[in-house]
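Please consult the sequence and the structure shown below.

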Amino acid sequence: MTVTAARSTVSPARESVTMTVGEFLLRRIREAGVSHAFGVPGDYNLELLQQLEDTGMLEWIGTCNELNASYAADGYARLNGLAALIVTNAVGALSAINGVAGSYAEHVPVICICGSIPLRSMERGLGMHHTMSDGTWDRFLSAYAQVTAAQARLTPYNAVTEIDRLITTAWREKLPVYLELPSDIAYLDVEVPAAPLVLEEPPSDPERLRSCTAAIASRLSAAKSPAILVDSDAGRFGAAGEIMRLAEKAQVPVAVVATAMAVIDETFPHYLGLYNGKASQPHVREAIETSDCLLSIGYRPNDLTTGDFTGSLPADTIRARGHSVDVGADNYQAVTLTEVLRGVTEAVPQVTNRSTPRFAPPPAAAVGARGDGSAKLTQAAYWQAIQDYIRVGDVLVADGGTSYASAGLHLPPDCTFVSQLIWGSIGYSVGSLLGTLTAAPDRRHLLFVGDGSFQLTAQEVSTILRHDYKPVIFLINNGGYLIERCYLGKTSRFNDVANWAYADLPKVFRPDTTARSFVVKTVADLEKALRAPNDTLIFIESIMDPFDAPTAVIESGNNGADIDYGPRGPQHRDNLLLRPAT
Ligand SMILES: Cc1ncc(C[n+]2csc(CCOP(=O)(O)OP(=O)(O)O)c2C)c(N)n1
Ligand SMILES: [Mg+2]
């Protein structure tokens with residue numbers, strides 16, 4: 001990698017070098033720990049891609065469309081801590097905006113770079129392609145202001161400060177940012193700092209940190225039934241290790257919500273299980289809801305983390321976030337999560353006489369009996385076989401639909417669970433898988449996706465094959481949108497999808513592929529497929545009944561229908577939605 005371009009000149013007095021705007025942007029992204037960029041070329045970003053190729057600062061991962069690139073960047077950032085996405089003006093940016101909005105909802109830091117209209121054209125009011133041709137230039141910058149933490153249109157005068165501001169904001173806030181690079185400034189020289197970008201948490205305010213940790217430690221030390229509730233920000237802010245150290249010292253049980261799957265190792269002795277309001281195991285619900293000192297980490301209550309609003313946390317719950325904490329009536333600003341947790345761990349006495357009930361995976365509807373090998377494959381048998389297949393260190397990427405039942409799996413240590421549960425844009429998983437594979441090519445990656453979701457983003461399997469990645473793709477072919485049948489339209493045509501020869505796609509997407517494809521209809525078929533070695537991509541298409549869904553999925557769909565359509569909605573009509581078997 002060449003970090004400084006050949007033409008750069010060092011002026012030691014000011015510790016600056018001369019670099020082009022585009023090269024500086026790429027250099028800063030690389031210094032921030034990002035080695036790849038995802039996206040689609042266009043005439044307004046080609047000059048930047050040329051710089052990328054000439055300098056080798058980032059590896060380019062071209063995708064079939066920008067939506068998939070945005071999902072890939074999201075998946076990459078979840079494993080790598082930050083990602084880069086490069087799109088072209090308007091048409092590319094708007095294709096990517098759904099994925100970037102998902103990153104915002106899910107707190108994933110992605111730097112979205114849009115190669116945009118030359119400044120020359122803006123200043124002279126030239127109508128350009130990829131605009132509304134009405135002399136406006138700001139519409140898409142404004143659109144992105146709704147879904148990113150910070151935005152900027154670079155000029156030669158603001159580029160140096162704005163690039164650092166945006167990258168730092170994304171990293172510190174764990175949110176996406178949007179940056180427009182007008183295509184006529186990428187090759188202009190600017191004076192830039194010689195020193196590399198250092199990404200650091202802002203130090204906490206010492207007094208606020210002291211008071212905050214003392215307040216938490218004193219409540220925790222006096223508590224009879226303390227507990228910790230963990231949401232996804234604990235993972236994003238790298239706090240899992242500190243949480244476990246605190247739980248270990250003060251002997252506090254730790255529960256997670258569905259958005260924080262695998263953030264806490266399930267084999268950790270103080271791991272309690274999954275909290276989801278009424279849908280929790282009773283002892284988990286009791287430990288959380290009746291705790292006399294509940295410490296929540298980044299908890300964002302919503303339908304998916306409250307058991308459809310059936311949960312209620314103690315009124316005096318301590319609420320810790322990335323950079324602030326609520327303890328009783330006090331709100332502490334300028335305190336960073338890991339420093340708070342470290343301080344509390346130091347301050348609390350070692351407890352030896354409290355133990356956490358041993359975590360036992362719930363007898364979830366998702367995981368059922370294996371049954372007879374020659375019998376038609378059911379969801380219950382499917383998830384049981386997959387349960388046995390998962391091994392230490394796997395990356396699981398799950399889409400919406402019944403494939404989300406993979407969240408009911410019991411995970412061995414060092415697994416990562418990637419899913420877009422809050423934003424819930426189906427098809428996310430296929431693009432995201434490309435990103436997780438790129439970020440961690442040495443781990444085994446398992447994709448869980450339904451036929452309906454897959455049809456939105458299927459073509460990205462070609463990029464996965466192009467890069468010789470070797471994931472295992474588990475696709476459920478049940479003829480349509482089964483999870484939607486649990487909301488409404490049990491047999492309605494709008495919930496059917498066209499039937500594809502899914503398992504043939506690797507061959508279509510890469511004619512010389514060595515991928516192994518299986519179409520499985522029975523448990524025995526599935527078990528045979530699962531014995532295939534992981535030395536190439538494995539594609540397992542499982543044919544299942546259009547109405548076979550895990551009970552938990554059916555119940556949550558039925559509840560969702562009541563919330564979505566209200567008491568006068570159509571869900572009450574006979575046989576209009578799939579109900580649990582009685
Ligand atoms: C982009 C987008 N469009 C539509 C939806 C609505 N939706 C949620 S789940 C789902 C069906 C998923 O079907 P499939 O992937 O086949 O899973 P199944 O439940 O059949 O296993 C749909 C259409 C969505 N969440 N996101
Ligand atoms: Mg389906």
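Which polar backbone atom is 2.8 Å from an oxygen atom of ligand 1? The atom belongs to glycine 452. The model is predicted: local features need pLDDT of at least 70, side-chain atom pairs count only at pLDDT 80 or more, and totals for chains, interfaces and linings use all residues. Residues are numbered from 1 along each chain as its sequence is written, chains are lettered from A and ligands numbered from 1 in the order written, and side-chain values use heavy atoms, without hydrogens and water.

**Ligand 1**
- Serine 453 places a polar side-chain atom 2.5 Å from an oxygen atom of ligand 1.
- A polar backbone atom of isoleucine 483 is 2.9 Å from an oxygen atom of ligand 1.
- Of the 590 Å² of accessible area (Shrake-Rupley method, 1.4 Å probe) that ligand 1 has on its own, the protein covers 78%.
- Ligand 1 is surrounded by 16 residues (a heavy atom within 4 Å), and the closest are Thr402, Gly424, Asp451, Ser453 and Gly480.
- With 4 residues, α15 gives the most to this shell.

**Strand β10**
- Strand β10 (residues 226-230; strands are DSSP E runs of at least two residues) is largely enclosed by the rest of the structure, because 5 of its 5 residues are buried (under 20% relative accessible area, 1.4 Å probe, protein chains only).
- β10 pairs in the parallel sense with β13 over 5 bridges (pairing requires at least two DSSP bridges), and isoleucine 228 has leucine 295 as its bridge partner in β13.
- β10 also pairs in the parallel sense with β11 over 3 bridges, where leucine 229 stands opposite alanine 255.

Conventions: Buried < 20%, exposed > 50% of the residue type's maximum accessible area, 1.4 Å probe, protein only. Polar contact = N/O pair within 3.5 Å; in protein donor to acceptor, adjacent residues only side chain to side chain.
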